[in-house]
Amino acid sequence: MLTLKGLSKTYRTGDSALNEVSFTVPGGQIVGLIGPSGAGKSTLIRCINRLVEPTAGQVLLGNIDLTRLGGAGLRTQRRRIGMIFQEYALVERLTVMENVLSGRLGYVPFWRSWTRRFPAEDIQRAWALLDRVGLMAHANKRADALSGGQRQRVGIARALAQEPELLLIDEPTASLDPRTSRQIMRLLTDICAERHLPAIVNIHDVPLAKQFVQRLIGLRAGQVVFDGAPQALDEAMLTHIYGEEDWQPAAPEEDDAPPEPTITDARALVS
Amino acid sequence: MSTSNYPRHWKRPPQIIQHPGWRLGLGIAAMVYLVLAIGSLEIDWQRVSIGLERGQRFVVGFLQPDFVSRQRDIVQGLSESLTMTLTSTVVGILISIPIGIGAARNLTPRPVYLVCRSIIAVSRSLQEIIIAIFLVAMFGFGPFAGFLTLAFATIGFLAKLLADDIEEASHAQLEAIHATGASWWQMINYAVEPQVLPRLIGLSLYRLDINFRESAVIGIVGAGGIGATLNTAIDRYEYDSAGAILLIIIAIVMVSEYTSGLVRKWVQ
């Protein structure tokens, strides 16, 4: 179980990225984190495993406060948190197997990882995970030889190799086609259910989020403005989170619809 | 839709210097300086013609290279140069790697970064010949001074390019390895090394090339090797032997250039 209490982040430039964010995610629940670009979604999940340092508040995983740790203590706690990235963030020149085994780095001493002599049970677990994500045959390929969907599966296997107690998932489908996106989301929800894992998914595709998660949290300018079931997210709430737009599904899905032509403006440019 | 109401012309606005006065002023200043500079050159045509004549003799020697009469000197100089090149490159690389990692802003704390960057700056600011003159004065004539010179110069070259390469490495991959709970050394091994190793190998081979060429140059100021042999040959007006030496240098550089190109392609 993950609990955030009053989590805040102010960057050195004075920009406030997160403002008093508090919520709890119980085991087995997937929370979709939605909000416009710059709302602090990415900062929020990075404050949880402290790839970004929060300025105030607490992050409780089980009953350990992650914000109070440093050095080796922080590393041991990071092992408990699996992270899955936008654009996969695999080490491209390493093999698929090495990428999966890198999930064990927090558990093994340097010489073992350097000589690639991981403990037998780690290797066994890695094979089992590769089988689970359907990539047994690709273990010895270089990560950059795989397709987008396959790479994201490797990313998932790497996170699971940590035997995590929490998954942080940053825009997992941002560079995937609609069908692969659904397959990846389904795999993630199945895995979280199997392992009773809590997960936070940053996701900009609201319909996709509604299809797969049990709970949505809407973030706007670093504050939680919505927290509830996907069914409760209506047009008024979408407007509240993202700003004014026509939310009817028939409308073209363009972010920047061109404005009406203004011939007078064009004239003004050259006069 | 009719387009007749829209303007028919568009001009790219100036990008670098926006003020027209500055543009004109800088242009005029550059022209004036160029005219003055050319005017201040003193060209002595007599010396040019003597030089051309000497050059002609050199070219003749070059066309009839004499590999035989100074063969022993050439072989000795060559083996000295090759030894110097190889040892100095290996030692230089071994020292460059830790300094290069230390000089990468995204991996090291500020004080370490500054120290490593200063070492690189010192090594880069001194040209090989100046270091060679200095080290020859310290350790005497011969290839040992040459070895030290080239090792020192390699550090400036390789550590800087390695550090820059590490700084440009994909941040996402570093972050992903970091997030697994990996230690700093594990991160270097799993996230940095795979990203920079092919280029490091390429640069090392390239530096091997450079060090061989430099070994010929620093030999002239007393640091041993084929350069010393070449210098002696020119001093004795033995242009045919000098031509032979130059041909050998060119051949070796071409071969190493070609092989290093192959290896670089292969490790990508």
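This text walks through the contacts between two chains and then some pairings of side chains. The model is predicted.

Start where the chains touch. Chain B puts 26 residues in contact with 35 residues of chain A. Together the two chains bury about 2,600 Å². Carbon and sulfur atoms give 59% of that area. On the chain B side, three residues lose the most area to chain A: Thr180(B), Gln186(B) and Tyr190(B). Together they make up 25% of what that side buries.

Next, look at the charges. One salt bridge crosses the interface of chain B and chain A. Its partners are Arg46(A) and Glu175(B), with N and O at 2.6 Å. A salt bridge here needs a side-chain nitrogen of Lys or Arg within 4 Å of a carboxyl oxygen of Asp or Glu, so the pair Arg46(A) and Glu175(B), at 2.6 Å, qualifies. Polar contacts also link the chains: the count is nine residue pairs.

Which elements of chain B give two or more residues to the side that touches chain A? They are helix 7 (171-179) and helix 8 (184-219). The largest share comes from helix 8 of chain B, with nine residues. Sort this side of chain B by class, and you get twelve nonpolar, twelve polar and two charged residues.

Now turn to the rings. Over all chains, the count is seven aromatic pairs. Ring pairs join four residues into a cluster. Chain A supplies Phe110(A) and Trp114(A). Chain B supplies Trp184(B) and Trp185(B). So find these four side chains in the structure, and you will see a cluster with members from both chains.

Tyr107(A) has Arg79(A) over its face, at 4.2 Å from the ring centre. Arg104(A) also lies over the face of Tyr107(A), at 3.9 Å from the ring centre.

Finally, return to salt bridges, this time over all chains. The structure holds 21 of them. One of these joins Glu165(A) and Arg80(A), whose closest N and O atoms are 2.8 Å apart. Why does this pair tie together parts that are 85 residues apart in sequence? Because its two residues lie in separate loops of chain A. Glu165(A) sits in the loop between helix 6 (148-161) and strand 7 (166-170). Arg80(A) sits in the loop between helix 2 (71-78) and strand 6 (81-84).

Technical notes
Residues numbered from 1 in each chain as written. Chains lettered and ligands numbered in written order. Predicted model: local features only at pLDDT ≥ 70, side-chain atom pairs only at ≥ 80, totals over all residues. Heavy atoms only, no water. Contact = heavy atoms within 4.5 Å. Buried area = accessible area lost by both parts, 1.4 Å probe. Polar contact = N/O pair within 3.5 Å; in protein donor to acceptor, adjacent residues only side chain to side chain. Helix = DSSP H or I, 4+ residues; strand = E, 2+ residues; numbered from the N terminus. Nonpolar A, V, L, I, M, F, W, Y, C, P; charged D, E, K, R; others polar. Phe/Tyr/Trp six-rings, centres within 6.5 Å; stacked < 30°, edge-to-face > 60°. Lys NZ or Arg CZ within 6 Å of the ring centre and 35° of its normal.
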